[in-house]
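Here is a short briefing on one protein model. Keep the sequence and the 3D view open while reading.

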Amino acid sequence: MTRHQKRLAVPNSWPVERKTDTFTVKADAGPHGEAGVPLVVLLRDVLGYVDSTKEARYALNNDSVLVNGDAISDEQRPIGMFDILAFPERGEYFRVFPDEGGRLALTPVDEEAAGSRLGKITNKTVVSGGDAQLTLHDGTNVRVDAGTEYDTKDSIVVDNESKEIVAHFEYEEGALVTAVAGQHAGRIGEVDEIDVTLGSGSNTVTVGDDADGYETVEEYLVVIDENFTGDDANEAGDSDE
(Lines give C-alpha, C1' and ligand atoms only; values in the text may rest on other atoms or scores of the structure.)
Protein backbone atom coordinates (compact mmCIF):
# COMPACT_ATOMS: atom_id res chain seq x y z
CA MET A 1 0.00 0.00 0.00
CA THR A 2 1.37 3.38 -0.98
CA ARG A 3 2.24 5.93 1.71
CA HIS A 4 1.53 8.86 -0.59
CA GLN A 5 -1.63 10.64 -1.64
CA LYS A 6 -2.19 12.57 -4.87
CA ARG A 7 -2.89 16.21 -4.03
CA LEU A 8 -5.66 16.53 -6.61
CA ALA A 9 -7.56 13.71 -4.91
CA VAL A 10 -7.37 14.87 -1.29
CA PRO A 11 -10.64 15.81 0.47
CA ASN A 12 -11.75 19.43 0.07
CA SER A 13 -11.26 19.93 3.82
CA TRP A 14 -7.49 19.45 3.59
CA PRO A 15 -5.60 22.78 3.82
CA VAL A 16 -3.09 21.98 1.07
CA GLU A 17 -2.30 23.44 -2.33
CA ARG A 18 -3.32 20.98 -5.02
CA LYS A 19 -1.22 22.06 -8.00
CA THR A 20 2.18 22.78 -6.46
CA ASP A 21 3.26 19.13 -6.34
CA THR A 22 1.85 15.80 -7.46
CA PHE A 23 1.85 14.00 -4.12
CA THR A 24 1.39 14.70 -0.44
CA VAL A 25 1.49 12.51 2.67
CA LYS A 26 -1.23 9.93 3.18
CA ALA A 27 -2.92 9.80 6.58
CA ASP A 28 -2.62 6.66 8.67
CA ALA A 29 -5.68 4.86 9.97
CA GLY A 30 -7.16 6.65 12.96
CA PRO A 31 -9.68 9.27 14.03
CA HIS A 32 -11.78 11.26 11.54
CA GLY A 33 -11.59 8.68 8.76
CA GLU A 34 -10.59 9.88 5.30
CA ALA A 35 -11.23 13.52 6.26
CA GLY A 36 -8.34 13.50 8.75
CA VAL A 37 -5.28 15.53 7.76
CA PRO A 38 -1.85 13.98 8.47
CA LEU A 39 -0.17 15.82 11.35
CA VAL A 40 2.97 16.41 9.31
CA VAL A 41 0.94 18.38 6.74
CA LEU A 42 -0.14 20.83 9.43
CA LEU A 43 3.37 21.10 10.89
CA ARG A 44 5.06 21.58 7.51
CA ASP A 45 2.56 23.10 5.07
CA VAL A 46 0.30 25.11 7.37
CA LEU A 47 2.38 26.20 10.37
CA GLY A 48 5.83 26.01 8.75
CA TYR A 49 7.39 24.63 11.94
CA VAL A 50 9.28 21.90 10.05
CA ASP A 51 10.69 21.62 6.55
CA SER A 52 10.51 17.86 6.12
CA THR A 53 9.02 14.65 7.45
CA LYS A 54 12.36 13.89 9.09
CA GLU A 55 12.20 17.12 11.12
CA ALA A 56 8.60 16.35 12.06
CA ARG A 57 9.61 12.93 13.39
CA TYR A 58 12.35 14.51 15.48
CA ALA A 59 9.93 16.98 17.04
CA LEU A 60 7.37 14.29 17.77
CA ASN A 61 9.97 11.98 19.32
CA ASN A 62 10.72 14.76 21.83
CA ASP A 63 7.05 14.85 22.93
CA SER A 64 6.84 18.52 21.93
CA VAL A 65 3.51 18.18 20.09
CA LEU A 66 0.28 17.27 21.85
CA VAL A 67 -3.03 16.35 20.24
CA ASN A 68 -5.99 16.47 22.62
CA GLY A 69 -3.58 16.42 25.54
CA ASP A 70 -1.61 13.35 24.40
CA ALA A 71 1.94 13.31 23.02
CA ILE A 72 1.91 12.01 19.44
CA SER A 73 4.77 10.09 17.82
CA ASP A 74 3.15 9.28 14.45
CA GLU A 75 3.63 12.09 11.94
CA GLN A 76 0.82 10.65 9.80
CA ARG A 77 -1.73 10.62 12.61
CA PRO A 78 -5.01 12.06 11.23
CA ILE A 79 -6.02 15.45 12.65
CA GLY A 80 -9.57 16.68 12.18
CA MET A 81 -12.41 18.91 13.24
CA PHE A 82 -12.27 20.25 16.82
CA ASP A 83 -8.97 18.55 17.68
CA ILE A 84 -6.66 20.55 19.94
CA LEU A 85 -3.08 20.93 18.73
CA ALA A 86 -0.72 22.13 21.47
CA PHE A 87 2.94 23.19 21.52
CA PRO A 88 3.61 23.68 25.27
CA GLU A 89 7.27 24.70 24.82
CA ARG A 90 6.21 27.48 22.45
CA GLY A 91 3.15 28.41 24.49
CA GLU A 92 0.98 27.98 21.39
CA TYR A 93 -2.38 26.24 21.19
CA PHE A 94 -4.76 25.74 18.27
CA ARG A 95 -8.23 24.35 17.70
CA VAL A 96 -9.00 22.76 14.34
CA PHE A 97 -12.06 24.54 12.99
CA PRO A 98 -13.62 24.73 9.51
CA ASP A 99 -13.33 28.05 7.71
CA GLU A 100 -15.84 29.51 5.27
CA GLY A 101 -14.58 27.36 2.43
CA GLY A 102 -14.99 24.15 4.39
CA ARG A 103 -11.22 23.79 4.75
CA LEU A 104 -9.86 22.91 8.15
CA ALA A 105 -8.07 25.87 9.72
CA LEU A 106 -6.06 26.31 12.92
CA THR A 107 -7.69 28.81 15.27
CA PRO A 108 -5.41 30.11 18.08
CA VAL A 109 -6.82 29.54 21.58
CA ASP A 110 -5.49 30.14 25.07
CA GLU A 111 -4.10 27.41 27.31
CA GLU A 112 -7.31 27.06 29.30
CA ALA A 113 -9.45 26.56 26.19
CA ALA A 114 -6.93 24.01 24.93
CA GLY A 115 -7.59 21.83 27.99
CA SER A 116 -10.75 20.33 26.49
CA ARG A 117 -12.28 19.54 23.12
CA LEU A 118 -15.72 19.48 21.57
CA GLY A 119 -17.33 16.36 20.15
CA LYS A 120 -20.58 15.82 18.28
CA ILE A 121 -22.50 12.71 19.36
CA THR A 122 -23.16 10.61 16.26
CA ASN A 123 -24.35 7.40 17.93
CA LYS A 124 -25.57 6.17 21.31
CA THR A 125 -25.73 2.51 22.32
CA VAL A 126 -26.31 0.48 25.48
CA VAL A 127 -23.29 -1.59 26.54
CA SER A 128 -22.78 -4.39 29.04
CA GLY A 129 -23.70 -3.38 32.56
CA GLY A 130 -26.50 -1.12 31.36
CA ASP A 131 -24.35 1.96 30.77
CA ALA A 132 -24.53 4.01 27.58
CA GLN A 133 -21.72 4.52 25.10
CA LEU A 134 -21.52 7.74 23.12
CA THR A 135 -19.70 7.71 19.79
CA LEU A 136 -18.33 11.09 18.72
CA HIS A 137 -17.74 12.49 15.24
CA ASP A 138 -14.08 11.42 15.26
CA GLY A 139 -14.81 7.83 16.32
CA THR A 140 -14.00 8.35 20.00
CA ASN A 141 -16.21 6.43 22.46
CA VAL A 142 -17.25 7.87 25.82
CA ARG A 143 -19.01 5.73 28.41
CA VAL A 144 -21.67 7.40 30.57
CA ASP A 145 -24.30 6.36 33.11
CA ALA A 146 -27.48 5.01 31.55
CA GLY A 147 -29.61 7.70 33.16
CA THR A 148 -27.72 10.69 31.74
CA GLU A 149 -29.58 12.69 29.11
CA TYR A 150 -27.29 12.76 26.11
CA ASP A 151 -28.68 12.26 22.63
CA THR A 152 -27.38 12.01 19.09
CA LYS A 153 -26.70 15.39 17.44
CA ASP A 154 -25.95 16.91 20.87
CA SER A 155 -22.40 18.08 21.57
CA ILE A 156 -20.23 17.44 24.61
CA VAL A 157 -16.94 18.88 25.82
CA VAL A 158 -14.38 16.33 27.03
CA ASP A 159 -11.51 17.26 29.34
CA ASN A 160 -8.23 16.26 27.69
CA GLU A 161 -6.61 15.12 30.93
CA SER A 162 -9.39 13.34 32.81
CA LYS A 163 -11.37 12.35 29.69
CA GLU A 164 -14.50 13.31 31.63
CA ILE A 165 -17.43 15.23 30.16
CA VAL A 166 -17.36 18.82 31.42
CA ALA A 167 -20.13 20.41 29.33
CA HIS A 168 -23.17 19.38 27.31
CA PHE A 169 -24.94 21.35 24.54
CA GLU A 170 -28.32 20.11 23.31
CA TYR A 171 -29.33 20.12 19.67
CA GLU A 172 -32.56 22.09 19.64
CA GLU A 173 -34.14 25.26 18.32
CA GLY A 174 -32.22 28.24 19.68
CA ALA A 175 -28.93 26.31 19.90
CA LEU A 176 -25.76 27.96 18.64
CA VAL A 177 -24.38 25.94 15.74
CA THR A 178 -21.74 26.01 13.04
CA ALA A 179 -21.92 24.41 9.62
CA VAL A 180 -18.95 22.13 9.05
CA ALA A 181 -19.71 21.02 5.48
CA GLY A 182 -21.62 22.17 2.44
CA GLN A 183 -21.71 25.60 0.86
CA HIS A 184 -22.32 27.29 4.23
CA ALA A 185 -19.35 25.69 6.02
CA GLY A 186 -17.82 27.94 8.65
CA ARG A 187 -20.94 30.05 9.24
CA ILE A 188 -22.12 30.34 12.84
CA GLY A 189 -25.67 31.11 13.91
CA GLU A 190 -28.66 29.98 15.95
CA VAL A 191 -31.13 27.29 14.94
CA ASP A 192 -34.38 29.01 13.97
CA GLU A 193 -36.36 25.98 12.85
CA ILE A 194 -35.88 22.22 12.43
CA ASP A 195 -38.01 20.82 9.60
CA VAL A 196 -38.43 17.07 10.14
CA THR A 197 -38.51 15.13 6.86
CA LEU A 198 -40.59 11.96 6.84
CA GLY A 199 -38.90 8.83 5.58
CA SER A 200 -35.17 8.41 5.02
CA GLY A 201 -34.44 11.95 3.88
CA SER A 202 -32.38 14.38 5.93
CA ASN A 203 -34.04 16.94 8.17
CA THR A 204 -33.49 20.52 7.03
CA VAL A 205 -32.56 23.30 9.43
CA THR A 206 -32.96 27.05 9.10
CA VAL A 207 -30.12 28.94 10.79
CA GLY A 208 -30.13 32.65 11.53
CA ASP A 209 -26.86 34.59 11.54
CA ASP A 210 -25.54 38.12 11.01
CA ALA A 211 -26.15 37.82 7.27
CA ASP A 212 -29.40 36.59 5.71
CA GLY A 213 -29.33 33.20 7.41
CA TYR A 214 -29.21 29.91 5.56
CA GLU A 215 -30.78 26.49 5.24
CA THR A 216 -28.87 23.24 5.38
CA VAL A 217 -29.23 19.59 6.36
CA GLU A 218 -28.76 18.85 10.04
CA GLU A 219 -25.88 16.42 9.40
CA TYR A 220 -23.78 19.44 8.45
CA LEU A 221 -24.38 21.23 11.77
CA VAL A 222 -22.55 20.96 15.08
CA VAL A 223 -23.78 22.54 18.31
CA ILE A 224 -21.14 24.81 19.85
CA ASP A 225 -21.00 27.51 22.53
CA GLU A 226 -19.92 31.15 22.53
CA ASN A 227 -16.25 30.19 23.04
CA PHE A 228 -16.17 29.12 19.38
CA THR A 229 -17.28 32.46 17.98
CA GLY A 230 -13.78 33.95 17.99
CA ASP A 231 -13.66 35.62 21.40
CA ASP A 232 -11.26 33.04 22.81
CA ALA A 233 -8.94 33.47 19.83
CA ASN A 234 -8.94 37.23 20.29
CA GLU A 235 -8.11 36.87 23.96
CA ALA A 236 -5.22 34.58 23.11
CA GLY A 237 -3.91 37.13 20.63
CA ASP A 238 -4.24 39.96 23.16
CA SER A 239 -2.22 38.03 25.74
CA ASP A 240 0.72 37.88 23.31
CA GLU A 241 0.94 41.66 22.92
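How many helices and strands are there in the protein? There are 3 helices and 19 strands. The model is predicted. Of its 241 residues, 44% count as buried. Take the contacts between residues at least 6 apart in sequence: 43% of them join residues at least 24 apart.

**Helix pair α1 and α2**

- Two packed helices are described by the angle between their axes and the distance between the axes.
- Helix α1 covers residues 39-46, and helix α2 covers residues 53-61.
- Their axes come within 10 Å and cross at roughly 115°.
- The range 65 to 115 degrees counts as roughly perpendicular, so α1 and α2 are roughly perpendicular to each other.
- The crossing of α1 and α2 is right-handed.
- On the α1 side, the contact is made by L39, V40, L43 and R44.
- On the α2 side, T53, A56 and L60 make the contact.
- By type, the residues of this contact divide into 5 nonpolar, 1 polar and 1 charged.
- The buried residues of α1 are L39, V40, V41, L42 and L43.
- G48 follows α1 and has a positive phi, near 70°.

**Nonpolar cores**

- In soluble globular proteins, nonpolar side chains tend to be buried together.
- The largest nonpolar core here has 40 residues.
- Which residues have the most contacts inside this core? They are L39, F82, L85 and L118.
- Both helices α1 and α2 are among the elements that give two or more residues to this core.
- The strands that do so are β7 (84-87), β8 (92-98), β9 (104-108), β15 (176-179), β17 (204-208) and β19 (221-223).
- α1 gives the most to this core, with 5 residues.
- A second, separate core has 9 residues, including A132, L134, V144 and I156.

**Contacts of L85**

- Residues up to four places away in sequence are not counted here.

**P98 in strand β8**

- P98 lies in strand β8.
- Is P98 buried or exposed? Its relative accessibility is 3%, so P98 counts as buried.
- P98 touches M81, R103, L104, A179, V180 and G186, with residues up to four places away in sequence left out.
- P98 and R187 are 89 residues apart along the chain, yet their C-alpha atoms are separated by 9.1 Å.

- V166 is found in strand β14, which covers residues 165-169.
- V166 has 52% relative accessibility, and the cut-off for exposed is over 50%. V166 therefore counts as exposed.
- Beyond its neighbours within four places in sequence, V166 is in contact with V157 and D159.
- V166 and S116 are 50 residues apart in sequence, and their C-alpha atoms are 8.4 Å apart in space.
- A167 also has its place in strand β14.
- At 23% relative accessibility, A167 counts as partly exposed. Buried would need under 20%.
- With neighbours within four places in sequence left aside, A167 is in contact with S155, I156 and V157.
- A167 and S155 are 12 residues apart in sequence and 8.4 Å apart in space, C-alpha to C-alpha.

- Most residues other than glycine have a negative phi, and most peptide bonds are trans.
- D63 is not a glycine, yet has a positive phi of about 55°.
- Where does D63 lie? D63 lies in the loop between α2 and β4 (66-67).
- K163 is not a glycine either, and its phi is positive at about 65°.
- K163 lies in the loop between β13 (155-159) and β14.
- K163 has 41% relative accessibility, so K163 counts as partly exposed.

Key. Residues numbered from 1 in each chain as written. Predicted model: local features only at pLDDT ≥ 70, side-chain atom pairs only at ≥ 80, totals over all residues. Heavy atoms only, no water. Axes fitted to C-alpha atoms, helices over the stretch in contact; angles between N-to-C directions. Helix = DSSP H or I, 4+ residues; strand = E, 2+ residues; numbered from the N terminus. Parallel < 35°, antiparallel > 145°, perpendicular 65-115°, else oblique. Left-handed = near helix turned anticlockwise from the far one by under 90°. Contact = heavy atoms within 4.5 Å. Nonpolar A, V, L, I, M, F, W, Y, C, P; charged D, E, K, R; others polar. Core = buried A, V, L, I, M, F, W, Y, C linked by side-chain atoms within 4.5 Å. Buried < 20%, exposed > 50% of the residue type's maximum accessible area, 1.4 Å probe, protein only.
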